[in-house]
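Me: I would like to go through the labels attached to this structure and ask what each one rests on. Please set the values against the definitions as we go.

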Amino acid sequence: VREAVVSTQSTGALWILAVCDSNTAILTEECGLQDVCNAMKTHKDIEELIENACSALWSLSMEDENIEIMRDENVISMLVSSIKQHINAPKVVKNACTTIGGIIYADEMCGLQLLSDPQSVPTILEAFKKHSSNQEVVESMCELMLTMGESEELAAELASFPVVQLLQKAITEFPCIEDIVQKSEDAIVALNAVTGV
């Protein structure tokens, strides 16, 4: 139990430290990414730790050196597993989706790892549905859908699911939130281009 508490506090501290670019570089040199991944693997059932770890991974994804490690460690799969295990925790879902989007934006090859597990996209979409009235989660999901829609392979995968309906629902649910509306509309255009609509 003590180890789990320390790991939770440590991932929280790493997240806070990693927000600063110079600290992110130091954490990269000191194998901070591997430490976060190990904590996620060891304590995957601790919601607060996973929430912190997802945010730390997002910050660490800003360093090019870490992207290669993230690809090798298949961090995308770890994040999807975190969403699946903590699907009722909006902060975990939001942070994991924000991080997935950031990693895909930095390196499309990492994003293609989503295609290696046929349950990845359905898990993300199930979380989208579950939290469709949570503005923070929906903003993160719309950003992720747009980022995925910009990749030909990922857009084709998304187009095989009812993503457009989820995005339209987001627009209806949050018509005054410009970020949600714009990203949803842009993602819909990208997905319709794949399907020829």
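Me: How do you know what share of the chain's contacts with a separation of 6 or more comes from residues 24 or more positions apart?
Reply: A contact means heavy atoms within 4.5 Å. Among contacts in the chain with a separation of 6 or more, 71% are between residues 24 or more positions apart. The model is predicted, so local features need pLDDT of at least 70 and side-chain atom pairs count only at pLDDT 80 or more, while totals for chains, interfaces and linings use all residues. Residues are numbered from 1 along each chain as its sequence is written, and side-chain values use heavy atoms, with hydrogens and water left out.

Me: What makes up the secondary structure of the chain?
Reply: The chain has 13 helices and zero strands. Helices (H or I, at least four residues) and strands (E, at least two) are DSSP runs, numbered from the N terminus.

Me: What share of the residues is buried, and what does the surface come to?
Reply: Of the 197 residues in the chain, 49% are buried. The cut-offs are under 20% relative accessible area for buried, over 50% for exposed, and in between for partly exposed (1.4 Å probe, protein chains only). The accessible surface of the chain is about 9,500 Å², and 50% of this belongs to carbon and sulfur atoms. Such areas come from the Shrake-Rupley method with a 1.4 Å probe; for residues, only the protein chains shown count as cover.

Me: Why is Met70 called buried?
Reply: Met70 has a relative accessibility of 0%, so it counts as buried. Met70 lies in helix H5. Leaving out residues up to four places away in sequence, Met70 touches Leu33, Leu57, Leu60, Ser61, Val75, Ile103, Cys110 and Gln113. Its C-alpha atom is separated by 9.2 Å from that of Cys37, 33 residues apart along the chain.

Me: Is Ile76 buried or exposed, and what does it touch?
Reply: Ile76 is at 1% relative accessibility and therefore counts as buried. Ile76 is placed in helix H6 (residues 75-85). Its contacts, neighbours within four places in sequence set aside, are Ile100, Ile103, Ile104, Cys110, Gln113 and Leu114. Between the C-alpha atoms of Ile76 and Gly111, 35 residues apart along the chain, there are 7.3 Å.

Me: What makes Arg71 and Asp107 a salt bridge?
Reply: The term requires a side-chain nitrogen of Lys or Arg within 4 Å of a carboxyl oxygen of Asp or Glu. In the pair Arg71 and Asp107, the closest N and O atoms are 3.0 Å apart, and the pair forms a salt bridge. Distant parts of the chain are linked in this way: Arg71 is in helix H5 and Asp107 in the loop between H7 and H8, 36 residues apart.

Me: How are the two partners, Arg71 and Asp107, classed by accessibility?
Reply: Arg71 has a relative accessible area of 28%, so it is partly exposed. Asp107 is at 13% and therefore counts as buried. The loop that holds Asp107 lies between helix H7 (90-106) and helix H8 (108-111). Besides Arg71, Asp107 touches Ile67, residues up to four places away in sequence not counted.

Me: How many salt bridges does a search of the whole structure find, and what joins Glu143, Asp179 and Lys183?
Reply: The search finds four salt bridges. Among them, Lys183 meets Glu143 at 2.4 Å, N to O. Lys183 lies in helix H13 (residues 178-195) and Glu143 in helix H10 (residues 135-149), so this pair ties together parts that are 40 residues apart in sequence. Asp179 and Lys183 also meet in a salt bridge, at 3.0 Å, N to O. Both Asp179 and Lys183 are in helix H13, four residues apart, about one turn of the helix. Salt bridges with shared partners join Glu143, Asp179 and Lys183 into one network.
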